[in-house]
Amino acid sequence: MNRLLRHVEAPPASAIPVDHVAFLRSLGGPAAIRLRGRDRTRCRVVVTLLHGNEPSGLVALHGRLRDGRAPATDTLLVLGAVEAALADPPLSSRVLPDGTDLNRCFGPGALSGPSRDLALSILEAVRAVGPEALVDIHNNTGHNPPYAVAARIGDAERHLAGLFGDRLVHYDLRIGALAEETPGLCPTVVIEAGRAGDPASDRTARRGLDRFLDAGVLFERGSEVPRLDVFHHPVRVEIAAGVRLAWGHEPEPAAQLTIAEDIDRHNFELLLPGTELGWLAPEAPWPLVARGADGADRSHELFARDGARLVARRSIVPIMMTTNPEIAHSDCLFYAVERQRPAGDPGLKPR
């Protein structure tokens, strides 16, 4: 097995520290933990902590290991950005200082370096077990209901998403995430369990994890497919380079763009044309870039300047809106998606 992951074989519950941070320290770095299931002929994979400040998956895995209950099948548990998670204060750093986002290093275009090497090691470990399904558990920095993300949307992915919630985003961007590389290997979903540090997010992750591990059959042929809200073709909305950004209830004098302080309350709401998102300083440059799968900038199609206000130009459904300046600058401000409504569904309530 590869050298960048510590491989742990079937640890007994008595060997798991009571505290989840102490458990993380005991791993000594990124780890792949193999559990023996009641059925040894199949294997499932759970990945978490690809970002060091997203702890719900860790909390769920730690609780499950402490319980000592055997899963339905063999299971591989992968914990990635352990060093970032243990940087002081624990579970507050997405990446190490001057480090590279691990979950942007799985694609073929990633730059070489320690994070790329670890990403390849994780992929190697996942491929080695020939999994029947993979779940990758994350948190957000803003207020979001639980939802799943998948690069492919078939019955298997819908079943996996339904273990955790009732929303599924069909993701067709390429940013180097793990979940972009594994759909050809097995059904794969990313679970966004909710805001980091919220006990409700931890409960969502644990409940879904138990369902995933305990089900004798995940995708029974002919079984009813869960009824989900499905959102398609996310557009990644980023802050343009060099734009000075702030959050507040009114324009900040030193900022070129002030985002409404409670913007994350709009996640998964239908925003109609004219909805105010923030304020622009006089003479401020155009502040946004919004790219979909084709790479074209759609920011002027989706947003507009209305005097000093930044508003929605057309109806959008935002997800993963953040109020964290570091995330807004290093990753993105939010994603904008379209929604597929089941027949007879009146649609989302507009703002």
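This tour moves from the whole protein to selected residues, naming what to select at each stop.

**The whole chain**

Begin with the entire model, which is predicted. Display it as a cartoon: the secondary structure consists of eight helices and 17 strands. Along the principal axes, the C-alpha trace extends over about 65 × 50 × 35 Å. How does the radius of gyration agree with that of a compact globule? For 351 residues such a globule would have a value near 20 Å, and the protein has 21 Å, so the two agree.

The accessible surface amounts to about 15200 Å², and carbon and sulfur atoms contribute 50% of it. Of the 351 residues, 55% count as buried. Among contacts with a separation of 6 or more, 74% are between residues 24 or more positions apart. Colouring by charge shows 40 positive and 45 negative charges, whose mean positions are 4 Å apart.

**First stop: Ala10**

Select Ala10, in the loop between β1 (6–9) and α1 (20–27). Its phi is positive, about 40°, although the residue is not a glycine.

**Second stop: Asp88 and Pro89**

Move to the loop between α3 (82–86) and α4 (114–129), where Pro89 is placed. Select Asp88 together with Pro89 and examine the peptide bond that joins them. This bond is cis, with omega near -10°.

Continue to helix α4 and select Ser121, which lies in it. Ser121 counts as buried, at 6% relative accessibility. How far apart are Ser121 and Arg3 in sequence and in space? They are separated by 118 residues in sequence, while their C-alpha atoms are 7.9 Å apart.

Select Phe268, found in the loop between β11 (257–260) and β12 (276–280). Phe268 has a positive phi of about 65° although it is not a glycine. Here the side chain may be shown as well: Phe268 is buried, with a relative accessible area of 6%.

The whole structure contains three aromatic pairs. For one of them, select Phe303 and Phe334: the ring centres are 6.0 Å apart and the planes meet at 85°, so the pair is edge-to-face. An angle over 60 degrees is what places a pair in that class. Which parts of the chain does this pair tie together? Phe303 belongs to strand β14 (residues 303–306) and Phe334 to strand β17 (residues 334–340), so the pair connects parts that are 31 residues apart in sequence.

To finish, display the surface around this pair. Phe303 is buried, with a relative accessible area of 0%. Phe334 is buried too, at 1%.

Definitions and conventions. Residues are numbered from 1 along each chain as its sequence is written. This is a predicted model: local features need pLDDT of at least 70, side-chain atom pairs count only at pLDDT 80 or more; totals for chains, interfaces and linings use all residues. Side-chain values use heavy atoms; hydrogens and water are left out. Helices (H or I, at least four residues) and strands (E, at least two) are DSSP runs, numbered from the N terminus. The radius of gyration is taken over C-alpha atoms; the globule rule is 2.2 Å times the number of residues to the power 0.38. Buried means under 20% relative accessible area, exposed over 50%, partly exposed in between (1.4 Å probe, protein chains only). Contact means heavy atoms within 4.5 Å. Accessible areas come from the Shrake-Rupley method with a 1.4 Å probe; for residues, only the protein chains shown count as cover. Lys and Arg count as positive and Asp and Glu as negative; His and the chain ends are not counted. The place of a charge is taken as NZ of Lys, CZ of Arg, CG of Asp or CD of Glu. Rings of Phe, Tyr and Trp (its six-membered ring) pair if their centres lie within 6.5 Å; planes under 30 degrees apart count as stacked, over 60 as edge-to-face and the rest as tilted.
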